[in-house]
Amino acid sequence: METSEKEQLQVIKEIALSYDISFKNCSPIPIHIPKDQYSDKAEFHLSFLSSIATLKEKDDRLPQETAELNLNLAQLSSGLLECVLPSKNREKTKADFTFTIKKGHFKKKITISNKNHDSYKYLTFLNLFTSTMLRELSGIAYQEYLGIPNIQRRLGQNDDDVIFNGFITNYTPEEIEKIIKLEQFNIKFWDYLYYDRMGVKIRDTIIHFKEKNIFDSTSKTLKTKEACFLYDTIVYLKIIPKDETMNAQDKYQFIKKYYLIGDKTMKNIEKLKRLSFS
């Protein structure tokens, strides 16, 4: 650990001790943590506050942007699968794939039909390209969260033997529908976290410190001295400006307000999860 980090943790530890926050009975340092990384278990547990320190940094919207891109690719793949899935009676499953190109004042609408050999072949390769991009962007997420194997497979049998006696893809139609639901959930999930980051991080910190026997686990939210410690810490970390007019009760109400915001946010996320995957 860098010296500046150690100095920061030492200051936070002094703030905790000034409010009589005890580390005597807190959980020990896990055995997989190198012995020379932290000077004591208080320093180790206080390092959890580094997640709050990130609030002063510009938030990274990349996870949400990735989810939006994945959703677009999944929806595109869903449409392509409708066009290319083999059928015994091709006439009954005739489909047109239409998209629009826009750039400044330029606008062009393009339609590809699956009615002939060459266009059908093109659409199958386009679906493989789309689903491969989706697989590369998602890594092992779909395998981990949805149980979708991270492999390519062949779907169906083409009567006219267009490509490899059944075209190759990464996902079945049923799997694509699961992916669409997951990415719709992810977009809303990151949106919640982006706007309520302070509350979520304060909530997580309070829960963590209660679990590790640093805060009183019997209190409904937290004690006044615990709230004062957290408030002074986020002031020290320059997350919020220092306000000399704040007394102990003001600090308690400030921390409690953000704790309740974070708690509501996480409950909304759990509700969203149930609705998204029910």
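User: Is E43 buried or exposed, and what is its relative accessible area?

Analyst: The labels work like this: buried is under 20% relative accessible area, exposed is over 50%, and partly exposed is in between (1.4 Å probe, protein chains only). E43 has a relative accessible area of 5%, so it counts as buried. Before we go on: this is a predicted model, so local features need pLDDT of at least 70 and side-chain atom pairs count only at pLDDT 80 or more, while totals for chains, interfaces and linings use all residues. Residues are numbered from 1 along each chain as its sequence is written, and side-chain values use heavy atoms, with hydrogens and water left out.

User: Which side chain does E43 meet in a salt bridge?

Analyst: The idea first: side chains of opposite charge can pair when their charged atoms come close. The cut-off for a salt bridge is a side-chain nitrogen of Lys or Arg within 4 Å of a carboxyl oxygen of Asp or Glu. Here the partner is K6, at 3.3 Å from N to O. K6 sits in helix α1 and E43 in helix α2, 37 residues apart, so this pair links distant parts of the chain. K6 is partly exposed, at 26% relative accessible area. Helices here are DSSP runs (H or I, at least four residues), as are strands (E, at least two), both numbered from the N terminus.

User: How many salt bridges are there by that rule?

Analyst: The count comes to eight. One of them pairs K251 with D232, with the closest N and O atoms 2.9 Å apart. K251 is in helix α10 and D232 in helix α9, so this bridge ties together parts that are 19 residues apart in sequence. Both residues are buried.

User: Where do salt bridges share partners?

Analyst: Look at K267 and D263, whose closest N and O atoms are 3.3 Å apart. These two are four residues apart in helix α10, which means about one helical turn between them. K267 is exposed, with 56% relative accessible area, whereas D263 is buried at 16%. Through shared partners, salt bridges join R203, D204, D263 and K267 into one network.

User: What does R203 touch, leaving aside its neighbours within four places in sequence?

Analyst: Contact means heavy atoms within 4.5 Å. With those neighbours left out, R203 is in contact with Y259, G262, D263 and M266. R203 belongs to helix α8 and is buried, at 16% relative accessible area.

User: Now the nonpolar side. Which residues have the most contacts inside the largest nonpolar core?

Analyst: In soluble globular proteins, nonpolar side chains tend to be buried together. A nonpolar core is a set of buried Ala, Val, Leu, Ile, Met, Phe, Trp, Tyr and Cys residues joined through side-chain atoms within 4.5 Å. The largest one has 36 residues, and F215, F229 and I255 have the most contacts inside it. At least two residues each come from α1, α2, α3, α8, α9 and α10, with α9 giving the most, six residues. Setting aside neighbours within four places, F229 has contacts that include I12, Y19, L46 and F209. Another core, of 15 residues, lies apart from this one, and A67, L73, L81 and I180 are among its members.

User: Which residues form a nonpolar patch on the surface?

Analyst: Patches take residues with over 30% relative accessible area and no salt bridge, joining like charges within 9 Å and nonpolar side chains (Val, Leu, Ile, Met, Phe, Trp, Tyr) within 5 Å. In this model L69, F129, M133 and L137 form one, with about 340 Å² of accessible area together (Shrake-Rupley method, 1.4 Å probe; for residues, only the protein chains shown count as cover). Helix α5 supplies the largest share, three residues. F129, in that helix, is exposed at 51% relative accessibility.
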